[in-house]
Amino acid sequence: MTLTGNPPVKTDQLSAAGSNREYFRLYGSKTVIGVYGNSPEENNAFIYLSSFFRKAGLPVPEVYIYSPGKTCYLQEDLGDTLLFDAIRSGRESGHFTPQEKEVLRKAMELLPAIQFADTAGELDYTQCYPLPSFNKRSIFWDLNYFKYCFLKATDIEFSEDKLEDDFENLSGYLLKETTDTFMYRDFQSRNIMLKENDLFLIDFQGGRKGPLQYDVASFVWQAKGNYPEDLREELVNCYLNKVQHYLPVNETKFKEQLRHFLLFRTLQVLGAYGFRGFFERKPHFIQSIPFALDNLRTLLETDFPGYPYLCSLVRQLTDKKNCGKE
């Protein structure tokens with residue numbers, strides 16, 4: 001695999017955060033990012049989606065070249081500034097400047113563009129990894145991720161039978177509303193980069209066909225985003241105003257559905273934090289747990305009658321003073 005015909009004059013390994021892929025900045029006549037991933041299927045999903053979104057005019061990194069087995073590829077270097085870092089002052093203080101709020105609104109306005117990028121029905125969802133669509137199997141993967149990697153790591157006793165009943169009810173609710181749109185799946189400020197004041201989208205290789213609400217929940221209630229309630233409301237309304245250009249949406253119904261997707265998404269991220277934190281011992285993920293539990297605590301101020309046993313367990317989690325601490 002060669003792009004310029006010459007070896008790099010310098011190579012720096014970059015942080016991969018929670019990813020199993022390895023990233024390198026390669027310096028030479030052209031500075032690029034080299035990626036190694038041991039899942040060719042996942043790499044293929046990124047390569048395919050990057051090409052598709054670029055053709056649709058979306059701000060995603062260009063993939064220049066990839067190895068025959070798709071274990072390695074070279075992509076455009078977008079610099080080092082994550083949106084997550086650009087709003088650090090607001091995240092840490094809870095008080096966001098007008099400039100920080102503006103860039104968050106820009107991100108929310110960009111979301112419908114990628115969700116509705118497949119205007120001609122040409123996106124081949126079979127290229128997505130690990131599944132082409134948001135379905136019952138993918139829902140239970142995430143719910144069981146929460147159960148086995150987070151809940152079982154606490155000392156809370158629970159009935160798996162009763163919990164599975166509520167998982168079934170939650171899955172049924174989430175699957176009631178479907179749209180032929182792209183679900184980014186991990187749309188949050190760590191997966192958006194700033195380059196010369198423009199936003200670029202990264203790490204969309206886990207995307208698939210799915211509902212709109214999931215991505216809104218992922219971004220607005222990102223655990224360490226620390227967005228105050230009024231800003232969250234503003235960002236949701238910003239999204240709804242923009243999405244009306246693509247599809248008529250009943251805002252009241254959307255916001256009610258959003259609560260259920262937020263519950264599901266937060267359980268999923270707690271599973272990820274449990275695995276990466278409790279088992280892989282990565283401090284960043286352990287530090288994120290209290291923020292996710294705070295989101296659940298606020299969410300459960302209004303009950304979910306369809307999932308009483310799940311809600312009782314979640315309340316026990318949010319009441320535990322040391323839950324998520326080493």
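**Helices, loops and backbone angles**

Trainee: Which residues are buried in α4?

Mentor: In α4, Glu100, Val103, Leu104, Ala107, Met108, Leu110, Leu111, Pro112, Ala113, Ile114 and Gln115 are buried. Buried means under 20% relative accessible area, exposed means over 50%, and partly exposed lies in between, with a 1.4 Å probe and protein chains only. Helices are DSSP runs of H or I with at least four residues, strands are runs of E with at least two, and both are numbered from the N terminus.

Trainee: What kind of model is this?

Mentor: This is a predicted model, where local features need pLDDT of at least 70, side-chain atom pairs count only at pLDDT 80 or more, and totals for chains, interfaces and linings use all residues. Residues are numbered from 1 along each chain as its sequence is written, and side-chain values use heavy atoms, with hydrogens and water left out.

Trainee: Where is the kink in α10?

Mentor: At Ile289, shortly before the proline Pro290, with an angle of about 30°. The bend at a residue is the angle between axes fitted to the seven residues ending there and the seven starting there.

Trainee: Is Ile289 buried or exposed?

Mentor: Ile289 is buried, and other buried residues of α10 include Phe285, Ala292 and Leu296.

Trainee: What covers the buried residues of α10?

Mentor: The cover includes α8 (229-243), α9 (251-279) and α11 (308-319). Contact there means heavy atoms within 4.5 Å.

Trainee: New topic. Which residues does the cis peptide bond join?

Mentor: Tyr129 and Pro130, with omega about 5°. Pro130 lies in the loop between α4 and α5 (136-149). Most peptide bonds are trans, and most residues other than glycine have a negative phi.

Trainee: What is the phi of Asp203?

Mentor: Asp203 has a positive phi of about 55°, although it is not a glycine. Asp203 sits in the loop between β8 (198-201) and β9 (208-209).

Trainee: Why does Asp203 count as partly exposed?

Mentor: Because its relative accessibility is 22%.

Trainee: What about Asn226, where does it lie?

Mentor: In the loop between α7 (213-220) and α8. Asn226 has a positive phi of about 60° and is partly exposed, at 29%.
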